[in-house]
Amino acid sequence: MDADAVPVEDIELEYVSTAGVRERGSLGRLWPVRFESVRPARRFPAFRGQGNWCGWYWSATCGGHVGYESWLERDRLRLLDFDPLVTGMSSQPFRLSWAGVGGKRVRHTPNFFARRADGTGLVVDVRPDERIEPDDATKFAVTAAACRAVGWDFVRVGTPDGVLMANVRWLAGYRHPRVHRPEVAARLLEVFTDGGGLLTGARRVGDQIAVLPVLSHLLWRRVLAVDLEAGLLSADSQVLLGMVREGGRDAVAPAAAASG
């Protein structure tokens, strides 16, 4: 079935509210719901012999846990959490359905919904290219059309760049606000105003054992920045001032971590 044959006005949406109530209606009526705050629309499967790993990721953006159904989804959650333009996110946010061939209902539950700082929404499906069957491609195409109709962005993503992901995994270990030490952070911003090597700059601030966690936290928050795709983080990585001002998440340049 061609995605163009599905009228957007006939697409229905089902979600579970923060109070645990299942709601259902047309996409055109329900799209204003704050889907970054809803409960998962379906349970995460758990059974003997399961080939994928489900779990909960603690998001610094949300200050709480967000579910995932595979390690690939967990990586994408980390990238959303790392994106300074994302202010909230949820997993399995809603289920879309529409009439397929012969009138049979076709259902699809996107993996994530993210809210950006400017109020726009981003719907994310996680599936590697080699695992997309024709029916999956149709579901993604219909979902993309539905998102466009209500002003959301849609992206289907696969396996992220390996070097980028390795660096983000490392920095995620320092994402919790408890790592932050304002006096050390202020000094780091002074030291790296004109850029410099990671370890050299840290040593200029003080004991590297105390300073490096704060430096990693600032890199996670994008207050400081390095080229995370050029190579694995090292003592010689060049650190610059980032796109986010200290004391907030105000981005001064676009970020595309979620779809990278």
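Contact is taken here as heavy atoms within 4.5 Å. The structure is a predicted model, in which local features need pLDDT of at least 70 and side-chain atom pairs count only at pLDDT 80 or more, while totals for chains, interfaces and linings use all residues. Residues are numbered from 1 along each chain as its sequence is written, and side-chain values use heavy atoms, with hydrogens and water left out.

Leu224 touches Leu188, Leu189, Phe192, Leu215, Leu218, Leu219, Val239, Leu240, Leu241 and Gly242, leaving aside residues up to four places away in sequence. The largest nonpolar core has 42 residues, of which Val168, Leu188, Leu215, Leu219 and Leu224 touch the most other members. Helix 7 gives the most to this core, with six residues. Another core, of 19 residues, lies apart from it and has Val33, Phe94, Leu96 and Val142 among its members. A nonpolar core is a set of buried Ala, Val, Leu, Ile, Met, Phe, Trp, Tyr and Cys residues joined through side-chain atoms within 4.5 Å. Buried means under 20% relative accessible area, exposed over 50%, and partly exposed in between (1.4 Å probe, protein chains only). Helices (H or I, at least four residues) and strands (E, at least two) are DSSP runs, numbered from the N terminus.

Helix 5 covers residues 182-191, and its residues Val184, Ala185, Leu188 and Val191 are buried. These residues lie on the same side of helix 5, because they cover an arc of only 120° around the axis; the arc is that of the directions from the helix axis to the C-beta atoms. Pro182 and Glu190, on the other side of helix 5, are exposed. The buried residues of helix 5 pack against helix 6 (198-205), helix 7 (208-220) and strand 12 (224-225).

Two strands pair if DSSP finds at least two bridges between them. Strand 11 and strand 13 (residues 238-241) are joined in the antiparallel sense over two bridges, and Gly196 stands opposite Val239 in strand 13.

Rings of Phe, Tyr and Trp (its six-membered ring) pair if their centres lie within 6.5 Å; planes under 30 degrees apart count as stacked, over 60 as edge-to-face and the rest as tilted. The count by this rule comes to nine aromatic pairs. The pair of Phe35 and Phe94 is edge-to-face, because the ring centres are 5.0 Å apart and the planes stand at 70°. Phe35 is in the loop between helix 1 (27-30) and strand 3 (55-59), and Phe94 is in the loop between strand 5 (86-91) and strand 6 (95-99), 59 residues apart. Phe35 is buried, at a relative accessible area of 0%, and Phe94 counts as buried at 0% relative accessibility.

The rings of Phe82 and Trp220 have centres 5.2 Å apart and planes at 45°, so this pair is tilted. Phe82 lies in helix 2 (residues 71-82) and Trp220 in helix 7, so the pair ties together parts 138 residues apart in sequence. Both Phe82 and Trp220 are buried.

Tyr15, Phe35, Phe94, Phe113 and Trp152 form one aromatic cluster. Contacts of Phe94 include Leu13, Ala41, His108 and Val123.
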